[in-house]
Amino acid sequence: MHVTAIIAAGGRGARFGGARPKQLLRLGGRPILERSVEAFLRHPRITDLIVAVPADVAAEPPEYLRTAVKPLTVVEGGARRQDSVARAFACLSAATDIVVVHDAARPLVTDAVIARTLDAAAEDGAAIAALPATDTVKRGDERRLIVGTVPRGEIYLAQTPQAFRTAVLREALARGDQEADATDEAALVERTGRPVRLVDGDPRNVKITTADDLDLAERLLGEGVGGPAVSLLRIGTGYDLHRLVEGRLLILGGVVIPFEKGLAGHSDADAVCHAVTDAILGAVAAGDIGRHFPDTDPRWKDADSLALLAHAVDMVSAAGYGVVNVDVVVIAERPKLAPHVDSMRANLARVLGITPAQVGIKGKTNEGVGSVGAGESIAVHAVALLNGVGGHFSRTVE
Ligand code: MG
């Protein structure tokens with residue numbers, strides 16, 4: 001299903017005071033707009049994005065709108081919210097099945113709220129995130145005297161995202177073109193008489209309208225809500241096995257280990273480096289060592305596998321990732337690896353750009369079982385944790 005996210009950031013934020021549009025203010029060190037855009041970029045069900053921004057921003061978009069991991073179109077917003085959304089809608093791909101509209105001023109939207117809204121829109125045609133009212137709701141007159149109490153069970157406070165089948169939103173926007181201001185897209189759909197489903201929003205999905213809201217959002221961010229810390233972590237696993245043969249050096253983790261046999265292979269056959277390289281490439285879904293350093297390529301004959309590992313680190317680093325830590329299990333019946341483990345850790349740490357304290361290496365035997373147990377081969381397992389660096393969502397690696 002092709003899902004397009006429209007991020008509405010066209011307004012000037014008059015209520016906030018100051019000349020700067022509120023969606024360009026910083027929250028936790030990064031623009032509110034960047035955080036809202038990122039929430040949809042990282043969501044697995046979003047295919048592409050259209051971001052409606054003020055004219056001056058559209059004329060010179062910031063880098064995070066120019067280097068996104070998914071197709072992203074920047075359009076100039078209109079006078080009213082519905083005009084901005086209509087301009088974005090005009091750029092829609094013909095393939096779009098569902099359009100999800102989100103306020104840039106709600107940067108802490110969660111993956112779960114986005115998913116719930118999309119599910120309901122796919123089913124019913126239109127759905128919005130909303131919260132049931134918990135306070136008693138009064139209706140008042142111009143003198144601030146109560147006219148009546150509204151039954152609370154009927155009251156929902158609308159949030160975004162709001163999602164629609166493409167045809168449903170097209171019809172609603174056509175009406176919005178001629179009619180008065182609507183504060184959300186659902187209101188336009190309601191006027192067409194179509195049903196709009198209410199799904200559970202999230203109280204932490206706050207709209208940043210005032211300086212107090214910004215303070216609240218900073219506190220929520222400090223608690224991990226909407227923050228990038230978890231979403232930018234990537235884990236990868238790697239495995240390698242080489243046969244032990246006579247007449248070769250035994251090299252593991254870049255250390256030449258005195259032994260009567262060595263590992264067979266096209267390169268130096270350093271299975272520790274190979275498993276760690278695969279773990280790092282795997283963390284960013286960039287394939288494996290065989291794809292980047294094929295053993296049919298004479299460049300890699302007897303190659304120093306620490307250099308291959310360094311190359312993989314350069315690749316993920318160019319994509320915006322750094323290594324957090326690696327952990328390795330070397331399974332070998334003989335020789336004893338313990339005396340060499342610290343040298344191996346130091347070599348890997350140097351190439352990975354981390355400290356030896358972030359590199360775990362454990363030697364195991366295979367209890368005499370199988371080819372490893374018979375001393376015919378050495379096997380290595382590795383995991384690597386990577387983190388998106390520079391406070392920036394990361395690019396794909398190819
Ligand atoms: Mg290998």
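## Before you start

What you're looking at is a predicted model, where local features need pLDDT of at least 70, side-chain atom pairs count only at pLDDT 80 or more, and totals for chains, interfaces and linings use all residues. Residues are numbered from 1 along each chain as its sequence is written, and side-chain values use heavy atoms, with hydrogens and water left out.

## The magnesium site

Let's begin with the metal. Asp240 (OD), His242 (NE2) and His274 (ND1) coordinate the magnesium ion at 2.1 to 2.2 Å. Donors here are N, O and S atoms within 2.8 Å of the metal (3.2 Å for Na, K and Ca); water is not among the atoms, so sites may look incomplete. Along the chain, the donors follow the spacing D-x1-H-x31-H.

Asp240 is buried, at a relative accessible area of 14%, and His242 is buried too, at 12%. (Buried means under 20% relative accessible area, exposed over 50%, partly exposed in between, using a 1.4 Å probe and protein chains only.)

## The sheet and its helices

Next comes an open sheet of seven strands, with mixed pairing, in the order β5-β4-β1-β6-β10-β7-β11. The edges belong to β5 (72–76) and β11 (197–200), each with a single partner strand, so one side of each has no neighbour in the sheet. From one strand to the next, the twist averages 25°. Strands (E, at least two residues) and helices (H or I, at least four) are DSSP runs, numbered from the N terminus, and two strands pair if DSSP finds at least two bridges between them. β6 (residues 98–103) and β10 (residues 156–165) run antiparallel and are joined by four bridges; Val99 sits opposite Phe164 in β10.

Helix α1 (residues 32–41) packs on this sheet, touching β1 (3–8), β4 (48–53), β5, β6 and β10, and its direction makes about 160° with that of β4. Helix α5 (residues 111–124) packs on the sheet as well, at about 60° to the direction of β10. Axes are lines fitted to C-alpha atoms, for helices over the stretch in contact, and angles run from 0 to 180 degrees between N-to-C directions. Contact means heavy atoms within 4.5 Å.

## Two nonpolar cores

A nonpolar core is a set of buried Ala, Val, Leu, Ile, Met, Phe, Trp, Tyr and Cys residues joined through side-chain atoms within 4.5 Å. The largest has 46 residues, and Leu348 is among those with the most contacts inside it. Its largest share, nine residues, comes from α10. Leu348 touches residues including Val272, Leu306 and Ile361, not counting residues up to four places away in sequence.

A second, separate core has 31 residues, including Ile7, Ile46, Val51 and Ala104.
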